[in-house]
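Here's a quick walk through one model. Have a look at it first, and then we'll go through a few spots together.

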Amino acid sequence: KRGLDFGPRRTEFTFDSFEMVIGAKGDLGSGWTYDVSAQYGKTESQQWSTGYISNQHFRDSIRVVSDGAGGYACKDPTGTGCTPYNIFNLDPSAPGQINPGILAYDGVNFAELTQVVETDIQGSVAGDLGDWGVQSPWAKDPVAVSFGGEYRQEQGYVRPDATLSQGDAAGLSGSVPPVTGAFNVREGFTEVKIPLIQGMPFVEDLELEGAYRYSSYSNAGATSTYKYGGSWQPIDDFKLRALWQRAVRAPNIGELFSPQSIGLDSGDDPCKASNGPTGNVEALCIATGAHPGQGQTCNSGQCNVLIGGNPNLRPEVADTKTFGVVFTPTFIDGLTATVDYYDIKVTGAVGVAGGSPQGVLDSCYHPIGGITNVAAQAASASCQAVHRDSLGAFRLQDGYISQINANTSLLHPTGVDVAGNYQTDLSAVGWNVAGSLAFNLN
């Protein structure tokens with residue numbers, strides 16, 4: 001039965017954000033500067049949903065006994081005001097037929113409050129080493145350096161009301177537990193820029209650069225990131241540049257601590273009877289808990305999925321290579337252009353198994369190359385994300401496809417970035433009062 005006679009389901013979201021930054025920067029003398037700042041931010045969201053039905057009160061309303069006067073009464077109500085609900089004699093398309101007492105007793109609203117707070121403190125100094133004589137004999141500029149430190153703390157919580165935390169709203173599939181989480185990170189960093197040759201034939205500018213950052217996460221341990229590279233400008237018209245980088249992205253507060261709960265998502269189970277599994281596919285279905293010859297395994301094409309955060313996530317790690325050319329042609333005033341090739345390998349990317357519930361089912365039961373060993377395939381990561389209930393399906397609370405956050409496999413994007421900018425003063429063509437005109441391409 002669809003609860004259309006209770007009215008439409010509606011959800012209202014309210015977001016409030018607050019951020020404050022205070023800082024100072026200035027000169028320290030001898031070409032050195034400092035920059036310190038502190039930041040505090042808070043984001044709060046409230047979710048209010050109406051038009052749902054209480055599972056418990058619905059059961060109360062349809063379990064009835066004779067009231068001794070030709071009518072009916074609730075047999076064993078769990079609350080006051082229970083009104084018998086005859087679900088067979090009501091036409092959902094005809095408004096006003098449902099008893100107001102049923103609406104009051106069976107109808108339920110629910111709310112959820114989420115809050116994330118971030119605190120960040122950082123400071124750095126930067127300058128050159130010219131006063132110490134640290135300079136290439138073929139360069140006009142001395143070696144430049146910067147160094148500093150940073151402390152960041154993130155904390156958040158999800159607070160569902162009793163209806164959500166008990167899973168009492170029909171259509172939500174499962175409960176939403178309250179959750180609280182926090183982590184902090186302490187970092188130190190340094191960067192250096194080394195001009196090697198400047199102002200010489202075929203070497204207008206040749207320089208090297210490097211950087212290093214050490215990060216210690218309270219929940220994920222220590223990581224190191226770095227970069228090294230350089231650029232060569234043989235003439236004023238173009239520059240060649242290359243850079244190698246190791247970068248990390250720590251999982252955020254939501255990816256770590258979002259509550260784990262059962263939800264619904266679309267899916268077509270390869271093991272259901274109408275898909276006719278045979279051979280190794282059928283054997284794998286049995287090995288993973290499916291029942292041979294069963295009908296539909298998901299209600300109305302919707303399978304139970306387990307979604308939510310994972311406090312055991314590790315930081316993503318990326319190794320990046322970029323090679324590029326910067327064009328600044330002296331014969332076309334106002335034109336600049338860049339062409340850069342990038343190659344990024346990300347290991348342990350935060351995501352969900354298979355990318356989607358259907359992706360999990362397809363990669364488990366129809367892997368690339370087919371099933372050559374049923375036992376080995378049943379032990380694969382994709383099949384381990386399949387949890388069938390006692391019906392061999394994804395209907396009961398213990399039957400679901402795992403979609404909680406995890407450090408998944410390799411991502412490897414490559415490509416080319418092209419950008420062009422041209423700006424000209426229209427007075428150059430005799431239009432003295434028209435300002436300038438700019439073109440941009442990315």
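Lysine 227 is in contact (heavy atoms within 4.5 Å) with Glu191, Glu209, Gly210, Ala211, Leu243, Trp244 and Gln245, leaving aside its neighbours within four places in sequence. This is a predicted model, where local features need pLDDT of at least 70, side-chain atom pairs count only at pLDDT 80 or more, and totals for chains, interfaces and linings use all residues. Residues are numbered from 1 along each chain as its sequence is written, and side-chain values use heavy atoms, with hydrogens and water left out.

Lysine 227 lies in strand 9 (residues 221-235); strands here are DSSP E runs of at least two residues, and helices are H or I runs of at least four, numbered from the N terminus. With a relative accessible area of 19%, lysine 227 counts as buried, the cut-off being under 20% with a 1.4 Å probe, protein chains only. Its side chain also makes a polar contact of 3.2 Å with that of glutamate 209, meaning a pair of N or O atoms within 3.5 Å, one able to donate a hydrogen and the other to accept it; residues adjacent in sequence count only if both atoms are side-chain atoms.

Inside helix 5 (residues 279-287), Val281, Leu284 and Cys285 are buried.

Terms used:
Buried means under 20% relative accessible area, exposed over 50%, partly exposed in between (1.4 Å probe, protein chains only).
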